Amino acid sequence: MNRDTTLLLVGGIDETVRKAKRLGLHVLLLQHPSKLTAEQEELADVLHVLDFTEWSQIEPVVAELWERPGFAVALSLTEPGLENAGRINDKYGLGGTSYEVAHRIRDKWAMRRHLADVEPAVAAMPLRDREDLDVFAGRTGYPFIVKPVDGTASLGVFRVDGPEDVDRVWSRVDGLRGVRTDRVSTLFVLQDFLMEEYVDGPEYSVEAFSFASRHSIVAVTEKFVDQGTFAELGHVVPARIPAETEARIRAAVRRFLDAVGLRDGVSHTEVRVGPRGPVIIESHNRIAGDAITDLVVGAYGIDLTTYAVGWPFGLVAELPADPQPHRGACVRFLVGEPGRVSSVDGVDAALSEPDVLVARVSAKPGDEVRPLRDNWDRLGLVGVSAADSTAAIERAAELIRDTIDIRIAGADGREHRARVAEPASRSRLTGSAA
């Protein structure tokens, strides 16, 4: 095994290992026992099954791997592995993203402190006790946002609209602290929370790749978000926005990436366009979830996962500053009324359609279907490409209505079918998003 073509991968999914192997790389995989799959066991050249979120567990293993067989790059593309990948980069002088930068991006309070002098700044404050909510309301007024400092997928995010919400939100926060929640999808325990100013305006995400501090803005993604829960209901690339607004978003993200010190690799940054213009909400130095990377492939022909594992080894060419799309692509989600899943059908039929990029259902017969609270209450997704973004939105909804068939038995004994998730305002699905 050649050290110069060996990747140490901290966590990850099958696709990441598969694409690294396709590039001719050797893969040393550190994987959590709850995330290990048969494909990873087959493809990884060396596999260690352990809790990769615990530095005390992986440090001695990494030291052994450094000596033999050796590795040239340490990388993580999954949220729980980002900081420890940074620690490995620091310890062995590998030149990848450092722990300091990874932590600055992951920890939303650390990010807000670091960006305090960057305009437009967002008022923020740690939430430690019930009285902090009243203090912050006095400073910024209502509404404002409460969220975990290192959460994902809209889990534990609340909007405080007035004094009547304060006790309810505090009760929810207090109940979430120190637990993994009842729907474990990450390897984190929720602990610290943050209050921040609410930015009123449409939300987008920016998929970028940095090449030695030159930031290629690959795509601006239009997002359909439930305004009550902040659950994400759909994503579209390219976003349907005026050119001037898009240019301001791209410039804001480039300034942000410079400010936080991200020099190389993929990033996924969430932005709201409010009265003061584009405002950074949060960012991640990893690929996006929710099949957004599939949409980028469908619309731009750019595989960000392959870039993420290939760029550190010089196996991919640099991208232009602003790649141009050749199609539109959209992913939409399924939701249902409360009850229990009785049957799932249609996924294979959807995947057989030539315009389908991805189709998957997380719900299984017997699973409980809950009211929408965050991303984990969604039941599945369908992603497609089409001639343009609006056509892709309509096509994804059509496949959910006509092909994906999730049946749910309600408490009243009646059976109903899962449906396409719709934002409160349907105008954004068919018209131009302002």
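Let's start with strand β15, residues 339-345, which is joined to β17 by two bridges, the two strands running antiparallel. Two strands count as paired if DSSP finds at least two bridges between them.

Before we go on, a word on what you are looking at. This is a predicted model, where local features need pLDDT of at least 70, side-chain atom pairs count only at pLDDT 80 or more, and totals for chains, interfaces and linings use all residues. Residues are numbered from 1 along each chain as its sequence is written, and side-chain values use heavy atoms, with hydrogens and water left out.

Back to our sheet. It is an open one of four strands, in the order β17-β15-β19-β20, with antiparallel pairing. At its edges stand β17 (368-369) and β20 (415-417); each has a single partner strand, so one side of each is left without a neighbour in the sheet. In general, strands of a sheet pair through backbone hydrogen bonds, either parallel or antiparallel.

Now to another pair of strands. β12 (residues 265-274) and β13 run antiparallel, joined by seven bridges, and they form a hairpin with two residues between them. Across the pair, R272 stands opposite V279 in β13.

Next, please find helix α4, residues 82-92. Eight of its 11 residues are buried, among them L82, I88 and Y92. The cover over those buried residues includes β1 (6-10), α3 (55-67), β4 (73-75) and α5 (99-106).

Last stop: S76, in the loop between β4 and α4. Is S76 buried or exposed? S76 is buried, because its relative accessible area is 4%. Its side chain reaches the backbone oxygen of V10 at 2.8 Å, and a polar atom of that side chain lies 3.2 Å from the backbone oxygen of T78. Leaving aside residues up to four places away in sequence, S76 touches V10, G81, L82, A85 and N285, with contact meaning heavy atoms within 4.5 Å.

Notes
Buried means under 20% relative accessible area, exposed over 50%, partly exposed in between (1.4 Å probe, protein chains only). A polar contact is a pair of N or O atoms within 3.5 Å; within protein, one must be able to donate a hydrogen and the other to accept it, and residues adjacent in sequence count only if both atoms are side-chain atoms.
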